[in-house]
Amino acid sequence: MMTPSTETITASASGTWELGDLTVNRIGFGAMRLPQNGTAFTRGDSSDRARAVRVLRRAVELGVNHIDTAAFYFSPLRSANELINTALAPYADDLVITTKVGPGRDPSGEWTWASPDQLRGQVEENLRQLGRDHLDVVNLRIARSHTSSSVAEHFGALADLREAGLIRHLGMSNTSPEQLAEARAIAPVVCVQNMYGLGSPPEHHAFLRHCGVQGIAFVPFWAIAGTGRESGATTTESEAVLTVARDHGATPAQVRLAWTLHQGPHVLAIPGTGNPDHLVENVAAGTLRLTAGELHLLAS
């Protein structure tokens, strides 16, 4: 069974989900890789500006209306937010831009973490770079070493900014079920953005299902890269992924994305790329329909 011609496929083929009162196609776009070539968050070569702008505009042409970004996505010469602003402003009414706060990077690239009273500055930085008067969705990003810590003060600070009109909806990133419950007691949470994909442990599957029961979007990051994380996808694939890819005339990356989307109607995908051809393939993955047998094979 061959995948339909990717040139005719748009992100609407993946279906839709509601982020609060905002409707998005389930295949979106992640901007992390746009500012530079190679591994993200290194002092490597900055990306080609014109090509990055073309990729963003092509994504929107293909029906992508959910873009994930952050002010800390930058290289020595490029900023993801600035590229988005250049490529897409004035923004279409249906375009949802999701960003995240908590982490920051100084001009040298060194990481910092915001205190609750510093979050407003990070929100205003995103507003300024994107050229917006409000942010559609802001995720509170939790440090890997703090997934058992209280989020009340940080999330409460963002809830205050939501009440002030600077933020429309709130989400959580790299979080735990306990932190999600704590946040939801303060303000509504429309999405959880966590690492997830083929090979994830059982507790990650359970958390995904829990979000679905609560009507909260689950937005995996590194669904393609897996253990490659910031460096990108590895060149070694399991025989199961390769078999399913061959049967569908698809790429392994498309199979990984399709498997992720099959985990529930509330699951959104935000694959990122600076390659126009990979962008088209990622969007086309929204039409890949896997059988129950294939899903079992991939998960085993």
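Me: How do you know what share of the 300 residues of the protein is buried?

Reply: Each residue is set against a cut-off: buried means under 20% relative accessible area, exposed means over 50%, and partly exposed lies in between, with a 1.4 Å probe and protein chains only. By that rule, 54% of the 300 residues count as buried. Bear in mind that this is a predicted model, where local features need pLDDT of at least 70 and side-chain atom pairs count only at pLDDT 80 or more, while totals for chains, interfaces and linings use all residues. Residues are numbered from 1 along each chain as its sequence is written, and side-chain values use heavy atoms, leaving out hydrogens and water.

Me: Why is C191 called buried?

Reply: C191 has a relative accessible area of 2%, and the cut-off is under 20%, so the word buried applies.

Me: What makes C211 buried?

Reply: Its relative accessible area is 0%, which is under 20%, so C211 is buried by that rule.

Me: How do you know how many disulfides there are?

Reply: A disulfide is a covalent bond between the sulfur atoms of two cysteines. Here the test is a pair of cysteine sulfur atoms within 2.5 Å, and the count comes to zero. For C191, the nearest cysteine sulfur is that of C211, 9.5 Å away, so C191 is in no disulfide.
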